[in-house]
Amino acid sequence: MILNSLNPAQQEAVQAPLGHQLVLAGAGSGKTRVLIHRIAWLIENEKISPFNILAVTFTNKAANEMRSRLEKMLHVTAKSMWIGTFHGLSHRFLRTHWQEAGLPQSFQILDSADQFRMIRRIINTLNLDEDRFPPKETQWFINAQKEEGREPHQVDTHDFTTQTLIKIYQAYHEACQRTGAIDFADLLLKTHKLLLSNTQLLAHYQERFRCLLVDEFQDTNAIQYAWLKLFAGDSNSVTIVGDDDQSIYGWRGARIENIQRFSKDFPSAKVIRLEQNYRSSGTILKAANALIEQNSGRLGKNLWTDGKEGELITIYAGFNETDEAFFIVNRIRDLQQNDYALREIAVLYRSNAQSRVIEEALMQFGIPYRVYGGLRYFDRQEIKDALAYLRLIANRSDDSAFERIINTPTRGIGDRTIATIREHAKSFSLTLWDALQQLIEQKFFSTRTEMSLLAFMELINTMTEKTLTLELHKQVEYVLCTSNLIEHYRKEKGEKGLTRLENLEELVNAAHQFSQDGISEDMPPLAAFLAYAALESSDEQADAYDDCVQLMTLHSAKGLEFPAVFLAGCEEELFPHYLSMNNPKAIEEERRLCYVGITRAMRKLYMTYAEVRRTYGKEAYHRPSRFLHEIPVELVDEIRFRTKTTKVMTHSQNKAFAYKPEAQGQFRVGQKVYHRIFGNGTVLDCEGDGEEMKVKVNFVKAGTKTLIASYLTAK
Ligand code: ATP
Ligand code: MG
């Protein structure tokens, strides 16, 4: 049964005797499938208990899918099995062993935005210049050190700048310890450190996890690899699956070399290659193969399919990003008519910011969609506010939460007061909460300020008291009502305010859902929910619709597949990204990202670009991405909206643009015009004539935009 739906090479991998193996294979060849079937095989045939299995996936979503597929296959519950991301599993470990790790029981996870704020605060309190030490870059520096497993005192100092960065890192490190907060990288570091120093604990876990399995191994970094080796010990079986051509996190410290290193560190590992692709049409696979061949130093593989050639790849040249978005939406409507469900369609892009224009076009046509990453539910302002209340209830030392809500909603506590509290906290190494308490005891503030501050403290204390015995979703509900956040956001007019209120209400549902699915026996529900919010934010989103178009960055599309895929923004500087332009290694990583994008598609692939794009508030003209040129022309069907321009690609059919312009004609400077999305505006400038006329318009609500005339109606 477990072997039925597998080809011989896959069967070999699944049935391999206990020991180490490395499954090295291209996209869509069934690596993830092999991993899941291998676990089922181990349980059924090798009689390994789920309790003895540890499986690492790349996202929380993949972990949930793996768990539920196993439960279906085996008709057992997989609760005792450890399946999750490196971060999620480390978190589970630290929740159980907080004492040994020297952490407070209610330790909080700092997500990336919290971390950023904390670093900026430290740069300011150290009286450093933010221009010289930009918080974002400092954050990057700190995380890079952590990913290599280096604590502040272990970083080499070369020059004054590095010395200062280390000073910031040190202060950040101390602040985290003082407030009982840990960031994403700490989850791994602390787990690793604890296991290294506590031989008893290490022996216990090495005894327990007899089989370790890792998906997407090509994207592990140094600390993750060390973590894995430690759990593996000398006698446990390790199965890793990966594809060197899909390594896309080099910028975050991932090391493709870990694949070679694995073969060295586990010399008995058996290498298995899978070469048949089951996902994509012949055309899509050929395009992917041709593209990735341009990279050097590949481990090399030969990927084939016995599926149909399928449809040509459509490349579309949009006039600008709005035109590109409308093309996408029109094609989505066509696909819908051809029996594609919306959830079978994905729009992928290189940068998060690209989603906005596409979202606008989708909204315009009332097509439901869902965004992974970027506009993430748990990242939204109002949700972070509500979570901050919950965090402070769970843990008074949570300085980030404290700062976020001390004056949200406004309660007359000014920046100066907050700065005083911060100063006092720093001088006496206190948390902000404790500093505030001391200052009040010392009668430091004016009576009015003191009243506001006392009211705030009392609010939090009452919330804690009253919610102590409530169920999780009731806790959330109570906090939403008594914090006045609902009232606060009700004041925000229009659609935006309404959405915020809906989001807040959704939080009660999220909590309810969470306690129903709740899988953590190790921690109080509120702490578990908060950790979930911090960890899940990148790949879970409360979705209003089940059947909706999937929008996401190329990075978050890894491992997924969709019948139809749009790859938007295929322009030089955007994709490949401008930061990679002068670095051949970085260009290769961008190419792998493109390979990941193309290989997500099963039946139909569209690649689009815009000739003019507004980025950072400026209009820029970019050439079509080099990756488009690397796809053999016979696989491509190219559409351009204008007929007169010279072709970028030789093979083209010049089909008519499906989106019919509504109005044609001339416009003059000063004329009032209307656009379906941007509303009313005034013409600032015109260029060209007839159908090709470009018009610069100052829209009342949307600001200045340049469009083709045919999208505008004269008023
Ligand atoms: P990626 O590199 O993108 O992560 P992968 O190698 O993990 O891909 P899977 O996602 O496991 O590939 O499989 C790709 C698709 O092919 C899935 O839809 C899977 O169900 C299907 N598939 C894999 N093996 C077989 C098989 N032997 N018979 C039929 N379908 C298969
Ligand atoms: Mg996979």
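Me: Which residues does leucine 472 touch, not counting residues up to four places away in sequence?

Reply: First, the idea. Contact means heavy atoms within 4.5 Å. By that rule leucine 472 touches Ala511, Phe514, Ser515, Pro525, Leu526 and Phe529. Keep in mind that this is a predicted model, where local features need pLDDT of at least 70, side-chain atom pairs count only at pLDDT 80 or more, and totals for chains, interfaces and linings use all residues. Residues are numbered from 1 along each chain as its sequence is written, chains are lettered from A and ligands numbered from 1 in the order in which they are written, and side-chain values use heavy atoms, with hydrogens and water left out.

Me: Is leucine 472 buried or exposed?

Reply: Start with the cut-offs. Buried means under 20% relative accessible area, exposed means over 50%, and partly exposed is in between (1.4 Å probe, protein chains only). Leucine 472 has 4% relative accessibility, so it counts as buried.

Me: Where is the place of leucine 472?

Reply: Helices (H or I, at least four residues) and strands (E, at least two) are DSSP runs, numbered from the N terminus. Leucine 472 belongs to helix α20. Its C-alpha atom is separated by 33 Å from that of lysine 193, 279 residues apart along the chain.

Me: How many helices and strands does the protein have?

Reply: There are 25 helices and 21 strands. Now take the overall size. The radius of gyration is taken over C-alpha atoms, and the globule rule is 2.2 Å times the number of residues to the power 0.38. The protein has a radius of gyration of 27 Å, close to the 27 Å that the rule gives for 715 residues, so it is as compact as a globular protein of that length. The C-alpha trace spans about 75 × 70 × 55 Å along its principal axes. Of the 715 residues, 56% count as buried.

Me: What span should helix α19 have at 1.5 Å a residue?

Reply: The expected span is 1.5 Å times one less than the number of residues. Helix α19 (residues 447–467) has 21 residues, so it should span 30 Å; its end C-alpha atoms are 30 Å apart, which agrees.

Me: Which residues of α19 are buried?

Reply: An α-helix has 3.6 residues a turn, so residues three or four places apart point the same way. Now look at α19. Its buried residues include Thr449, Leu453, Phe456, Ile460 and Met463. Their cover includes α15 (381–394), α16 (399–405), α17 (415–427), α18 (432–441) and α20 (472–482).

Me: How many residues of α2 are buried?

Reply: In α2, 11 of the 14 residues are buried, so this helix is largely enclosed by the rest of the structure. Among them are Val34, Trp41 and Ile43. Helix α2 (residues 31–44) reaches 20 Å from its first C-alpha to its last, close to the 20 Å expected.

Me: Where is arginine 592 found, and what does arginine 592 touch?

Reply: Arginine 592 is in helix α24 (residues 584–598). At 10% relative accessibility, arginine 592 counts as buried. Leaving out residues up to four places away in sequence, its contacts include Asp244, Asp245 and Ile292.

Me: Where does histidine 555 lie?

Reply: Look in the loop between β12 (549–553) and β13 (562–567). Histidine 555 is buried, with a relative accessible area of 11%. Apart from neighbours within four places in sequence, histidine 555 is in contact with Ile248, Tyr249, Trp251, Arg350 and Leu593. Cysteine 594 is 39 residues from histidine 555 in sequence and 9.8 Å from it in space, C-alpha to C-alpha.
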